[in-house]
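Could you walk me through this model in my viewer? Tell me what to select at each stop and what I'll find there.

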Amino acid sequence: MNTLRKTIIIALGLVLAAFAGISFRASRFLKEPVVAGPSVARVATLGEYFAPIKGTANDANVFFLEGAKPGGTVLVLGGTHPEEPAGRLTTWILAENAVLDQGRIIVLNSTNRSASTVTRPSGAYPATYTIKTDWGGQTFRMGDRWSNPLDQWPDPEVYIHYPSKQNLAYMDIRNLNRDWPGRPNGTLTEKTCYALIQLINKEAVDIVIDLHEAELQYPVISTIVAHPKGLDIAAMASMTLSDEEFKIGMEKSPAELRGLSHREIGDFTKAIPLLFESPEPFLDATRGRTDARLLLEGKDDFVVRAGKRGLLFEKIDAKGWPIDVRVGRHCSTLIQVLSVWSADHADKAVIMTGVPKYAEIIQKGVGAFLHDPAKSDPKKIYYE
Amino acid sequence: MTSTMSMTTSATVILAAMVAAYVLAKILKLSTELSILAAALVGGLIGGAGIPARHIVEGAFTYLDICLIFITATLFMNLLKEAGGIAFVIRRVVQRFHHRKALLFIMLAVVMLIPGMLTGAGSVTVLIVGGLVASVLGYMGIPKPKAAAIVFVIAGLSAAAPPVSLWAMLTAAGVNMPYVGFFLPLMIPCLLLALATIFILGWKAKPADLDQILKELPEAPPGMSWFKIALPFLLFFALVVAGRIWPFDFPILGLPLMFAAAAAITLALSPVHINVLDVSRRTVHQLLPLIGTLTCVGILVQIMTLTGARGLIAISVVTLPVMVVILTLFLTLPISETVLMWGAAPVLGVPLVLLFNTINLNPIVALAGMSIIWPLGDALPPTAIIGRLTVETVGMKEKYGTFLKYCIVPAILIIIVGTLMVVFSKKLAFLTVF
């Protein structure tokens, strides 16, 4: 009897593990197509800038969008934290639609590709989410904040940041936005940051834009965080956007907070780093039912209640924070930053068209700017 | 369900069903871990997710690292015991300090704080030094339930103590606050409360009768020495310290491998032959209830998050009036720990710290105050994971309630100190220097 009971339990466990395993594998190896846009001149991989990254989970695609006229170079990072989908969707729109007249834009959709292949234990994240399009829909990996433990494990008892030696939470050694400037003999995530620093230096990047989303309980939200050398750009962009499109703040990168892109890239390279934050109720600790609907619609009664209690740093009502609004904010902020930069640096201008602004994305939806790979030239399709 | 009900109603119904399933499973005499699993499965079904294989398996992996630490640390201790090391240490400690109670208490408190401080896990304190300390206390006339209470309370404080305090670290990470400035706000109360605990509960202890104890104690095997006992510990601490001193040159080993290395050295130095497979089997068997509970708690948290039950608990707590929130910390923190263990930090700690931040309290000191209260929940049924581990390690045969009764006085003291730290966090902000 005892043996029979054990056998049944083991069998049930194996069935459960098999179904779960199929799901884990399907999302980890989901191929996300990118249809290279009209200005994509070439597609490299991050491993070309630092050999030890080659062939790893973080050997991400690097899209080079080039204009006819020489100008400045802007690097846009999506997917630093893949669980913040507005960042990845913005870079997708950029790679598939942007038309460069002058200068270059370098785009990464999966800056921490490893983190896009895993979801958080106890977080109950959906495995994937689908953006509706006229041609059906495009499915993306959900991802997490931290690199996949299958790619980087174990964690230390305390993460000691290089080179500041600041103590950080142990799991943040797998957080790409705590590992800057990275180190060549470090963990996969640290090596990824190091590779990105090599890319920034080799390509003489002028501005780095790191796209994020934040829970509404987090004080740094709906804002542009700027390194001291980028404060003027952030201030001008913030003022113009708040006057013409939507309210957005600006903040100076705190010197005592280490490992973040808006601090370390500015300290360790010639580039000006800026970090955009849009509101994502899905990340709030008080959120209710956790599913793809909450991720994309951004509506949650519990988060609204937290807002009424004065616990939030951004407003929320029954309309929520839909993905179109969040992506729209990123796109418009990016366009505005390019405009401010180009106005002040004619020789290093980056002139771009073809990328929709806030109002247009809200009107048409994000899906309207994703291209159908089935109807595209196969030579232009790349997979993340 | 959610399309026709408000989110609050839906989550309340799901939470009620999960509680009912748990209670029913306990009535049917299922184990705690299976009862938790039953609650999670019912939550999934009532919540409209069916039997979500991906979420169940993913949740089961939440505490994998902690399970590995428990297994390797316990294997290390069991091998040391088999090698005769524990008997050797007990005999020497009693011989040296049997007539100086105060000095012995201070030494024992400090010795108990170290493993948890370094690993962030009270269970490691219990497993490494709990049995040894309880034996010494026993020979001083302290009954086993009282000795277990001393070990448990100080083990909890050791887990909250810096440099590794998981509750503080997980909560700080949840609000994107650097884990900096916590050393003194955590170290001072943990050290003082540990000393207070051992002196209060050990007040009636008598100096040990050396001859009688030595007669009753098991003999250490010939060939055992301080060197052979110290070397595995030295190796373990050396590996931890090396990671701190040379963080950019020393490989990241992880605590499980460090404990495994210590276990290997213990085995190699043992003066007696040890059947390592047999000890390994017994170790896993000994830890099965603990690992089972941790695995099922992970599944429960995942399903609660999936269905909104976790959000309901969090929003209900943080929307209470601030004074009510602070004055009920003594209930909410230990209870959340009982249900979620370290999961309590991201679920409850994050909104609480954000709440305290908005009313201008110092988030570091307030979080440190909360962090010393949280471990008390590890003694509370139904899970009582560390409590059960403690009474098992100490070898207590009395009812679990007797052990809990002795925990009350130090627990009240800890709750008062922790709550006052939250209330006066702004005035104590000068402690956040490093």
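Here's a short tour of a predicted model, going from a whole chain down to single residues.

**Stop 1: chain B on its own.** Select chain B and hide the rest. You're looking at 21 helices and 0 strands. Its radius of gyration is 22 Å, close to the 22 Å the globule rule gives for 434 residues, so chain B is as compact as a globular protein of that length. Of its 434 residues, 56% count as buried. Now for how the chain folds back on itself: among contacts with a separation of 6 or more, 83% link residues 24 or more positions apart.

**Stop 2: the core.** Next, bring chain A back and select Ile105(A), Ile209(A), Leu274(A), Val151(B) and Ile154(B). Within the largest nonpolar core, which has 272 residues, these five touch the most other members. Which helix gives the most to this core? Select residues 144–160 of chain B: that's helix H8, and it supplies 12 residues. Colour chain B by domain too, since the core takes at least three residues from each of domain 1 (1–51) and domain 2 (52–431).

**Stop 3: zoom in on Val151(B).** Ignore its neighbours within four places in sequence. What's left in contact with Val151(B) is Met112(B), Val126(B), Gly130(B), Val133(B), Ala134(B), Thr390(B) and Val394(B).

**Stop 4: helix H19.** Finally, select residues 363–373 of chain B. Are they buried or exposed? H19 is mostly covered, with 11 of its 11 residues buried. The buried set includes Pro363(B), Gly369(B) and Ser371(B), along with Ile372(B) and Ile373(B).

Key
Residues numbered from 1 in each chain as written. Chains lettered and ligands numbered in written order. Predicted model: local features only at pLDDT ≥ 70, side-chain atom pairs only at ≥ 80, totals over all residues. Core = buried A, V, L, I, M, F, W, Y, C linked by C-beta atoms within 7 Å. Buried ≥ 20, exposed ≤ 12 C-beta atoms within 10 Å, placed from the backbone. Helix = DSSP H or I, 4+ residues; strand = E, 2+ residues; numbered from the N terminus. Domains from an automatic or database assignment. Contact = placed C-beta atoms within 7 Å. Rg over C-alpha atoms; globule rule 2.2 N^0.38 Å.
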